[in-house]
Amino acid sequence: MSNPTRRTLLAGVGAAGLTAALTGCAAYGDTGTDTAAPAPAGDTGGGTGVTGAAGGGAPAGGGGGFAKTSDIPVGGGKVFEDQKIVVTQPTAGQFKCFTAVCTHAGCVVGDVSGGTINCPCHGSKFKVADGSVANGPASKALKAVAIKVDGDAISKA
C-alpha cells in the first residue's frame with residue numbers, strides 16, 4: 001500500500017470541508033433553487049421586497065415574527081445571527097431579507113452600515129437593496145430569503 005501524497009491529503013480535507021459547508025447551507029433551506037416570493041410591481045432588487053401593509057392572520061401591530069419593523073433602520077438593516085439571516089429596509093416601508101452567510105468563505109456577516117451588509121472575515125460588502133456584491137472578494141450575491149410583514153411583525157414566509 002503506497003503512502004498518500006500531501007496534495008492528495010489536502011484535496012481530501014478540502015473536499016470534506018466543502019461538503020460540510022454545503023450541508024450547513026442545506027440545513028437553512030438552501031435547496032439550490034430560488035424559492036423567494038416574487039417581487040412587488042416596480043421592485044427591481046434581487047431580494048424579497050415586502051412592504052409594511054398588514055396582511056391576514058395576526059392583527060396589525062400584532063405579535064409574532066422574529067423582528068419588528070421598528071428594529072430595522074431605513075437605509076440599513078439588522079443581522080439575526082441565530083437565524084443566519086439579515087433584514088434590510090432600503091427605503092421606508094420596503095423590507096428585504098437575505099441569508100447572512102457570506103458567499104465568499106461562509107462567514108456570518110457582522111453588521112449593516114453605510115448602505116452595505118458587511119462581512120468581517122475578508123471585507124466583502126453587499127448592497128442592502130438587493131444583496132448584490134458591492135465590494136469583494138465575494139463574487140456572488142447573498143441569497144434572498146422570503147419574509148412577510150404583518151402589521152409591525154416580520155416573519156419568514
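Strand β5 (residues 94–99) is largely enclosed by the rest of the structure, because six of its six residues are buried. This is a predicted model. Buried here means under 20% relative accessible area.

The partner of β5 is strand β4 (residues 85–91). The two run antiparallel and are joined by five bridges. Across this pairing, V87 stands opposite C97 in β5. The hairpin of β4 and β5 has two residues between the strands. In this hairpin, G93 takes a positive phi near 85°.

In soluble globular proteins, nonpolar side chains tend to be buried together. The largest nonpolar core in this model has 14 residues. Which of them touch the most other members? They are V79, V86, V109, V112, I117 and F126.

Take V109. Leaving aside residues up to four places away in sequence, V109 touches V79, A100, C102, I117, N118, C119 and P120. A second core of 12 residues is separate, and F80, I85, I147 and V149 are among its members.

## The aromatic pair

The structure holds one aromatic pair. A pair of aromatic rings is described by the distance of the centres and the angle of the planes. For F66 and F80, the ring centres are 5.1 Å apart and the planes stand at 80°, so the pair is edge-to-face. The cut-off for that label is over 60 degrees.

Which parts of the chain does the pair link? F66 lies in the loop between β1 (50–51) and β2, while F80 belongs to strand β3 (residues 77–80). The two are 14 residues apart, and the pair links distant parts of the chain. F80 has a relative accessible area of 8%, so it is buried.

## A three-stranded open sheet

Three strands form an open sheet, in the order β2-β11-β10, with antiparallel pairing. β2 (67–68) and β10 (147–150) stand at the edges. Each has a single partner strand, so one side of each is left without a neighbour in the sheet.

β2 pairs with strand β11 (residues 153–156) over two bridges, in the antiparallel sense. Here K68 stands opposite A153 in β11.

## K140 in its loop

K140 sits in the loop between β9 (133–135) and β10. Buried or exposed? K140 counts as exposed, because its relative accessibility is 58% and the cut-off is over 50%.

K140 still has contacts from elsewhere in the chain. Not counting residues up to four places away in sequence, K140 touches T103, F126 and V133. K140 and C102 are 38 residues apart in sequence, with a C-alpha to C-alpha distance of 8.9 Å.

Notes:
Residues numbered from 1 in each chain as written. Predicted model: local features only at pLDDT ≥ 70, side-chain atom pairs only at ≥ 80, totals over all residues. Heavy atoms only, no water. Core = buried A, V, L, I, M, F, W, Y, C linked by side-chain atoms within 4.5 Å. Buried < 20%, exposed > 50% of the residue type's maximum accessible area, 1.4 Å probe, protein only. Contact = heavy atoms within 4.5 Å. Pairing = 2+ DSSP bridges. Helix = DSSP H or I, 4+ residues; strand = E, 2+ residues; numbered from the N terminus. Phe/Tyr/Trp six-rings, centres within 6.5 Å; stacked < 30°, edge-to-face > 60°.
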